[in-house]
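Subject: Structure for you to look at

Hello,

Here is the structure I promised to pass on. Please open it and keep it in view while you read my notes.

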Amino acid sequence: MDTSSEQGLLKTETTEVEESAVSTVEALSEEEQVKLRKELEKVEEEIQTLSQVLAAKEKHLAEIKRKLGITPLAELKQNISKGFQDVTSTTVYRKTSETLTQAGQKASAAFSSVGSVITKKLEDVNIRSIQHSISMPAMRNSPTFKSFEEKVDTLKSKVGGTKPAGGGDFEEVLNSAANASATEPPSEKKLEAQ
């Protein structure tokens with residue numbers, strides 16, 4: 001309902017109540033009206049007295065709690081604890097808790113299975129890596145490696161060494177290139193630069 005229709009409905013109800021009250025007041029005799037007014041005053045006085053008594057009781061309650069050391073925070077904790085106990089004792093909570101426990105166990109088992117699969121795959125990759133390392137001699141016989149080896153030999157001969165008679169393997173070529181550059185006299189280069 002929108003606000004304007006609510007206000008219209010309230011005005012209609014209020015008008016009906018007022019008309020009903022007017023017709024009731026007109027139907028009452030003067031004596032009955034006086035009697036009802038006195039009863040109204042009496043009920044209002046009782047309500048005021050009860051409100052004062054209630055306020056005094058609340059003040060007395062607060063004083064007792066203060067003397068016992070019961071603070072509003074302690075009360076709040078106690079209320080929360082009691083509320084939690086009430087909730088945990090319900091059937092719905094227990095069923096939900098059991099369901100979540102079972103779901104957690106199943107998820108744990110699933111994660112364990114995934115972990116096992118991942119571990120197995122990593123082991124397979126590690127084994128393939130070892131197998132690849134073992135196949136390195138096969139790589140040395142490949143045309144690409146031989147071409148690279150020939151280029152290194154050419155570079156070695158230009159640097160100052162000669163190609164060994166047997167052609168040598170890659171390791172020998174690197175060692176001889178390193179020895180050749182280490183044994184080359186630095187004085188020749190200094191003289192050329194001057």
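This is a predicted model: local features need pLDDT of at least 70, side-chain atom pairs count only at pLDDT 80 or more; totals for chains, interfaces and linings use all residues.

**The whole chain**

The protein chain has eight helices and zero strands. Read from the N terminus, the order is α-α-α-α-α-α-α-α. Of the 194 residues in the chain, 6% are buried. The accessible surface comes to about 16,900 Å². Carbon and sulfur atoms account for 60% of that surface.

**Helix 3**

Look next at residues 72-88, which make up helix 3. This helix has 17 residues. From first C-alpha to last, helix 3 reaches 24 Å. That is close to the 24 Å expected at 1.5 Å a residue. How many of its 17 residues are buried? The count is zero, so helix 3 is hardly covered.

Now turn to helix 2, residues 30-68. Glu45 is found there. Is Glu45 buried or exposed? Its relative accessible area is 52%, and exposed means over 50%, so Glu45 counts as exposed.

The other patch is nonpolar. Ile64, Leu68 and Ile70 form this one on the surface. Together they have about 270 Å² of accessible area. Leu68 is found in helix 2. With a relative accessible area of 63%, Leu68 is exposed too.

Best wishes

Conventions: Residues are numbered from 1 along each chain as its sequence is written. Side-chain values use heavy atoms; hydrogens and water are left out. Helices (H or I, at least four residues) and strands (E, at least two) are DSSP runs, numbered from the N terminus. Buried means under 20% relative accessible area, exposed over 50%, partly exposed in between (1.4 Å probe, protein chains only). Accessible areas come from the Shrake-Rupley method with a 1.4 Å probe; for residues, only the protein chains shown count as cover. The expected span of a helix is 1.5 Å times one less than its number of residues. Patches are made of residues with over 30% relative accessible area and no salt bridge: like charges are joined within 9 Å, nonpolar side chains (Val, Leu, Ile, Met, Phe, Trp, Tyr) within 5 Å. A salt bridge is a side-chain nitrogen of Lys or Arg within 4 Å of a carboxyl oxygen of Asp or Glu.
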